[in-house]
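Thanks, everyone, for making the time.

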Amino acid sequence: MAKKSKTIFVCNNCGYESPKWLGKCPGCYKWNTFVEQIDDRDKSISAKATGQLTGFSSGTFALNDVAVKSFKRIKTSISEFDNMIGGGIVPGSLTLLGGAPGIGKSTLMMQISGALSKVGTVLYISGEESLSQVKSRAERLNVNKDNIFLASETNLENIVSAVNNTKPQFLIIDSIQTTYHPELSAAPGSVSQVRECSAELLRIAKSGHITVFILGHVTKDGDLAGPRILEHIVDTVLYFENEKQQIYRILRAYKNRFGPTNEVGIFEMKDNGLAEIKNPSQLFISENSNNVAGNVITTSVEGTRPLLIEIQSLVARTNFGLPRRMVTGYDLNRVIIIIAVLEKRIGIPLDNQDVFINVVGGIKIKETATDLAIACAIASANYGSICPAKTVVFGEVGLAGEVRAVSQIRERLQEAEKLGFEKAIVPKSNLRSLDYKGNIQIVGVTNVGSAIREIR
């Protein structure tokens, strides 16, 4: 009599395993993430799935005896991409690229493949498209097709065989959710499949010194699909953070073992592929309306790059008992705190007003240095006053209404001066150690009230 297969329930978000279905995962506290799958732990998969395919292992050495190998980064000729990952691709690294469907992941990787093919052999594995579809994309993008090998494959063992036969310098997997290990009975894209396949690709990258790019899908919440171990395994995590309906694509580095994090690359989707934006600051303020109340220009430092960004605010009398606060591109909770500060410390009555905040260009601001600009934009929209032209505002707002110092103020001022701005409203505490020799008129403020008086 055949032995009945044992099933377990696995969290799709973190990989937590349970013998029965649970509504809330004890590991990551997410709801409705458990899926049923056959337990493969009793099968003799360990020999293949834990290192025999590539045999990646090392002995134990004293730290002083370990030799450090210097490496030279590989340029892709796409400067926005190179700058975002720290100056170029590190040989033997493992990079994960995620984003919404249709946003341009495969397009970007094909363009990068064309650039890398001038350096070494590229093996492009497509699990979602046929060879003719990939070829037609390459022709549409007009990339260099020499030294690029294609395979339409989802079986991991066949992919490893193709790597051994081709011996590429660069390997691209499109995508990890369609790749499966034949020794696992779980469906492609499940937690166990993604975990084992990504671990094997890591061994390929490190043991064979092959640079590997993995394309990944996202969930309906916008997170990378698959267990969190996928993001921990790879060296670099890149993510398209906006929607495909927007013309401009913002690619952000969320993790980078070889360079700074939170760097961004700005691209524009065109008929012949993704075109890099050389001056993102000019893009985000190109349509700035200086004669409209509620518009304020600020600076945000993304990684090491300062960007000039326009903040738009609209304050309108509410028709309901509970006023609405709608925010695009910034933390909603942070805006609610700023509104409370304006009401309590400045005396602006917003309890019966709807407040709308928009960060122009689709970028999502992560830092708090934009607080003062948002406060000034709300006050400007409420009073109907127009912020003076060629004026930039930045600073962090505290609960007492004070304006706190921010980092990299010299770089922010230099970026503003480069685009023709003449005045900057900044935290006064930043002026003590400011090393700036430019021509911008700098006004230091200690509280939100002083900044609002300056823009009025």
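Let me begin with a pairing: leucine 123 has leucine 171 in β7 as its bridge partner. What you see is a predicted model, in which local features need pLDDT of at least 70 and side-chain atom pairs count only at pLDDT 80 or more, while totals for chains, interfaces and linings use all residues. Residues are numbered from 1 along each chain as its sequence is written, and side-chain values use heavy atoms, with hydrogens and water left out.

Strands here are DSSP runs of E with at least two residues, and helices are runs of H or I with at least four, both numbered from the N terminus. Strand β5, residues 122-126, pairs with β7 in the parallel sense over five bridges, where pairing requires that DSSP finds at least two bridges between the strands. β7 also pairs with strand β8, residues 211-216, in the parallel sense over five bridges, and there the bridge partner of leucine 171 is valine 212 in β8.

How many residues of β7 are buried? Five of the five residues in β7, 170-174, are buried, meaning under 20% relative accessible area with a 1.4 Å probe, protein chains only. Phe170, Ile172 and Asp174 lie on one side, with Leu171 and Ile173 on the other.

Turning to the cores, each is a set of buried Ala, Val, Leu, Ile, Met, Phe, Trp, Tyr and Cys residues joined through side-chain atoms within 4.5 Å. The largest has 44 residues, and Ile378 and Val448 are among those with the most contacts inside it; α10 gives the largest share of this core, nine residues. Apart from it lies another core, of 30 residues, among them Phe170.

Notes. Buried < 20%, exposed > 50% of the residue type's maximum accessible area, 1.4 Å probe, protein only.
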